Amino acid sequence: DWIYWGTTTPTAIFPTPQDPTMSDNASWDALNGTCSPSSSQTNRNNCFTKGGTCSNSSYTTQSNCLSHGVCSVGGNTTQTTCNSNGTCSVAGQTTQSGCTSSGTCSNTNYTSQSACVNAGTCTIASKTSQSSCQNAHHCSVRSWSQSQCASHGGSWIPGVWTSTPFTWTAGVWTPATFAAYVWTPGVWTPKNHSTWNGCVMDRGYPISPSYLVDSLGNHLSGPDATYNFDATAAGPDPVTPRWSSLYPAEQYGSCPQAVKALSYDWSGMNSLVNAMSPAGNTNQAIGLQLGWMSLVGGGPFPTPPAKDPLYQYTEVIILLTDGLNTQDRWYTDQNSIDAREAITCDNIKAGNIVLYTIQVNTGGDPTSTLLQNCASSPDKFYLLTSAGQMTATFNEIGTNLTKLRVAQ
């Protein structure tokens with residue numbers, strides 16, 4: 001109940017699924033599983049978008065499948081192309097603008113709307129429009145000109161227009177209809193959690209969580225700046241649910257040795273340390289946070305034995321590192337990682353825990369300002385330039401702690 005898997009279905013431990021909308025494509029469940037029918041897809045997102053099948057086998061990805069389909073005009077095409085197609089009630093018109101600007105007249109002799117609705121006859125046969133008709137004149141006696149008409153006993157009379165409008169029916173454009181092909185997503189089955197190699201990441205939010213929003217609708221990303229679970233020893237809270245309090249499962253290829261709770265098993269601890277070897281990037285902060293939690297219990301650690309009220313105890317953390325910070329869950333620049341670790345250091349010291357820091361610097365790195373400031377006091381920071389100095393350093397720390405115990 002202290003691991004964030006990105007589960008999509010309820011379980012006995014998590015009755016509320018951790019990622020019900022399957023939006024967290026960086027979760028363990030999204031990156032470790034099998035896809036059907038396309039076994040070549042190795043993560044959930046690709047399984048859905050590339051590992052499925054299209055009702056038209058010519059298209060192999062979700063985006064291509066859904067953007068293509070059958071158009072009522074033109075057959076197999078894209079939705080964009082289909083949307084520009086259609087049919088017109090006027091023969092020969094193949095565009096929407098051409099269609100709606102055209103039409104048919106009830107008198108087929110007229111091919112334009114203006115001529116159709118303004119049709120009529122003039123007493124002067126040669127005039128075919130109302131304006132030309134009414135502006136024209138003729139002689140009542142034969143075809144004399146105006147100057148000759150009166151002398152021949154005729155009258156000069158204007159043309160008379162008799163309106164006989166016809167009905168204009170505008171062209172009707174019927175848009176083509178588009179039926180997209182159907183995409184059937186691949187089925188993603190997460191691996192059994194027993195195949196997890198035991199690695200975890202810093203507690204907090206993912207890098208780009210489209211599925212996590214606060215009460216104001218803001219997307220939550222990066223360290224939890226409200227509860228700072230990556231910088232405290234507060235126990236996981238899967239009930240609220242507050243997923244930022246859980247340790248996200250990870251499957252690093254260079255996963256280190258498993259953590260070990262407080263114990264008097266000196267032989268077992270000796271074997272564990274001897275099995276360690278440097279690999280991968282350096283994340284001091286999560287090691288420090290887990291070391292702190294081992295003192296108080298929670299997460300992967302059992303509750304420590306109750307303290308005898310007759311004794312005064314000193315809680316001690318020794319942070320040993322062979323390198324400067326290079327990566328955590330969110331950052332790959334040292335300054336950002338150091339800033340998060342500094343919060344942890346301050347919280348530990350505020351909890352009256354004695355903090356020793358040891359920088360084993362065999363590669364010529366700068367002296368770590370972070371580790372100097374992190375130590376409870378300047379004399380509790382050690383800068384070593386060879387691995388051989390570690391034994392003497394731990395002996396010195398042990399001697400100091402023994403003196404402290406006797407004095408109290």
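Biologist: How far apart are the sulfur atoms of Cys 122 and Cys 133?

Modeller: This is a predicted model, in which local features need pLDDT of at least 70 and side-chain atom pairs count only at pLDDT 80 or more, while totals for chains, interfaces and linings use all residues. Residues are numbered from 1 along each chain as its sequence is written, and side-chain values use heavy atoms, with hydrogens and water left out. A disulfide is a pair of cysteine sulfur atoms within 2.5 Å. The sulfur atoms of Cys 122 and Cys 133 are 1.9 Å apart, and the two residues form a disulfide. The pair links distant parts of the chain, with Cys 122 in strand E8 (residues 120–122) and Cys 133 in helix H7 (residues 130–134), 11 residues apart. Helices (H or I, at least four residues) and strands (E, at least two) are DSSP runs, numbered from the N terminus.

Biologist: Why is the disulfide of Cys 122 and Cys 133 called right-handed?

Modeller: The torsion about its S-S bond is about 85°, so the disulfide of Cys 122 and Cys 133 is right-handed. Both Cys 122 and Cys 133 are buried; buried means under 20% relative accessible area, exposed means over 50%, and partly exposed lies in between (1.4 Å probe, protein chains only).

Biologist: How many disulfides does the structure hold?

Modeller: There are 9 disulfides in the structure. One of them joins Cys 35 to Cys 47, with the sulfur atoms 2.1 Å apart. Cys 35 belongs to strand E2 (residues 33–36) and Cys 47 to helix H2 (residues 44–50), so this pair ties together parts 12 residues apart in sequence. The S-S torsion of Cys 35 and Cys 47 is about 85°, so this disulfide is right-handed. Cys 35 is buried at 6% relative accessible area, and Cys 47 is buried at 0%.

Biologist: Is the disulfide of Cys 345 and Cys 374 left-handed or right-handed?

Modeller: Its torsion is about -90°, so the disulfide of Cys 345 and Cys 374 is left-handed. Cys 345 lies in helix H11 and Cys 374 in helix H12 (residues 369–374), so the pair ties together parts that are 29 residues apart in sequence. The sulfur atoms of Cys 345 and Cys 374 are 1.9 Å apart. Cys 345 has a relative accessible area of 2% and is buried; Cys 374, with 1%, is also buried.

Biologist: Which residues is Arg 340 in contact with, apart from its neighbours within four places in sequence?

Modeller: Contact means heavy atoms within 4.5 Å. With those neighbours left aside, Arg 340 is in contact with Pro 223, Asn 228, Asp 230, Ala 231 and Tyr 331. Arg 340 is placed in helix H11 (residues 334–350). Its relative accessibility is 12%, so Arg 340 counts as buried.

Biologist: Is Gln 284 buried or exposed?

Modeller: Gln 284 is buried, with a relative accessible area of 5%. Gln 284 is found in helix H10 (residues 284–296). Leaving aside neighbours within four places in sequence, its contacts include Leu 319, Thr 321, Glu 341 and Leu 371.

Biologist: Which residues are joined by a cis peptide bond with omega of about 10°?

Modeller: Ser 36 and Pro 37 are joined by that bond. Pro 37 is in the loop between E2 and H2.

Biologist: What is the phi of Asn 352?

Modeller: Asn 352 has a positive phi of about 60° although it is not a glycine. Asn 352 is found in the loop between H11 and strand E20 (354–360), and is exposed, with a relative accessible area of 68%. Met 22, also a residue other than glycine, has a positive phi near 55°. Met 22 is in the loop between strand E1 (3–4) and H1, and at 35% relative accessibility counts as partly exposed.
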